[in-house]
Amino acid sequence: YLDPARRTISRYVEAWNSHRQTFTSDTNAEVKFNTGPLSHKVLAGFDYRRMDETGAAGSYLDLTPFDLYSPVYTSVVPPVLSVLPELSQRQAGVYVQDQVKWGPLIGLFGLRHDRATSDLQGNPSQTDQATTWRAALMYELPYNVTPYFSYAKSFDPQFGTAPYGNNRCVDSATGLCKPVLGEQYEVGFKYKPSNTLAINGALFDIAQQNRIAYSANSLGAVQIGRASIKGAELEVLTTLWGNLDIIGAYTYLDAKVVEGDNAGKRIETVPEHQTALWAKYRFMAFGIPGFSVGAGVRYIGEQWDGTDTLMTPSKTLFDAMIAWENRNWRFQINGSNLGDQQYFSSCLARGDCFYGARRSILSRLTYKF
């Protein structure tokens, strides 16, 4: 706002036109063997991702006071688009995992190394790499109850793509964003009293370093010192009358910044409550098996902007699907937000809000061999 009465603002227009090509691959092998009383399932692999982007962008700031309650529309100078520097990003990872079983005790141990490089034309190359690992233990108790505990570390490079090349972190001396590092503790259970009912529950605690946020005083990103995400999940899966599958899920998230910028505030765009209910009915039509139809409802709770100032309201969305499948082929049509509800998916501390996806219909044809 340009005045204390909050009537007038300045206006800013931005245009961005990009062309992006992406290639991804994941190749792995699995081997099963025994060593005495231990049975092993070892998985090893290599994955690779490459993204190349070119484009043009421009912006224009109109400082002429614009009255929100008595607007006078004048022509805004369209931004002149300038060719952006070419951007190329590559990420490669190697991983190995061993799932060990000894009677009712199951252990999972995994190790992974990632190397990620970003080259922005006219700037020094940025390379980040890390070795992460995870471990979990499960114990199969009587009555089909299996409690478990797991620990995992994560690495997520923050090269990003923005209208002007890489993400720029305004709190960094180089302007480049550091990788987001995380660790997660989780305890939970899996309960399957019958072939038609399964109940899964979990409590988890996630700590993150260098999480990306957007400053209310800058168009650039900032990396908050430390964030904490604690939560719980409950999922129920059941089959009724042999051909009706019902899935219900609920998630609670307490996501806050604990160190650095906005300490004590809720993490932006993370809802505290989410729940979903989905039903799928399998049937035969015209003597042909493999048909199914489904419908569901999703509730996404209110979210905040990162400074606990601007709240994005909750929303309830409806989805549906229809599919046919045999041994080799699967054809499926999914519909999301069937009511074509117009809603905000999130709002940031900068003051900008983003619309959620309107009604969308997606078809997919898959061949398995």
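**Stop one: strand β4**

Start by selecting V100, which sits in strand β4; strands here are DSSP runs of E with at least two residues, numbered from the N terminus. Before you go further, know that this is a predicted model, where local features need pLDDT of at least 70 and side-chain atom pairs count only at pLDDT 80 or more, while totals for chains, interfaces and linings use all residues. Residues are numbered from 1 along each chain as its sequence is written, and side-chain values use heavy atoms, with hydrogens and water left out.

Is V100 buried or exposed? V100 is buried, with a relative accessible area of 14%. (Buried means under 20% relative accessible area, exposed over 50% and partly exposed in between, using a 1.4 Å probe and protein chains only.) Show what V100 touches and, leaving out residues up to four places away in sequence, you get L38, S39, H40, L105, I106 and G107; a contact means heavy atoms within 4.5 Å.

Now slide along to W102, also found in β4, the strand of residues 87-102. W102 is exposed, at 53% relative accessible area.

Colour β5 (105-120) and β6 (126-139), the elements that give two or more residues to the patch.

**Stop three: the largest core**

Next, select F204, I206, A213, V222, I224, A227, I229, L253, A255, V257, I267 and V270, the 12 residues of the largest nonpolar core. Such a core is a set of buried Ala, Val, Leu, Ile, Met, Phe, Trp, Tyr and Cys residues joined through side-chain atoms within 4.5 Å. Which strand gives the most to this core? That is β10, with four residues.

Zoom in on L253: beyond its neighbours within four places in sequence, L253 contacts residues including F204, I229 and V270.

**Stop four: charged pairs**

The structure holds 14 salt bridges, each a side-chain nitrogen of Lys or Arg within 4 Å of a carboxyl oxygen of Asp or Glu. Side chains of opposite charge can pair when their charged atoms come close.

Pick R112 and D114, whose side chains meet in a salt bridge (2.7 Å, N to O). R112 is partly exposed at 23%, but D114 is buried at 3%.

Then jump to R282 and D245, a salt bridge with the closest N and O atoms 3.0 Å apart. R282 lies in strand β12 (residues 273-285) and D245 in strand β11, so the pair ties together parts 37 residues apart in sequence.

**Last stop: two positive phi angles**

Most residues other than glycine have a negative phi. Select N144, in the loop between β6 and β7 (145-156), where phi is positive, near 60°. Finish at D308, in the loop between β14 (303-304) and β15 (311-312); D308 has a positive phi of about 60° although it is not a glycine.
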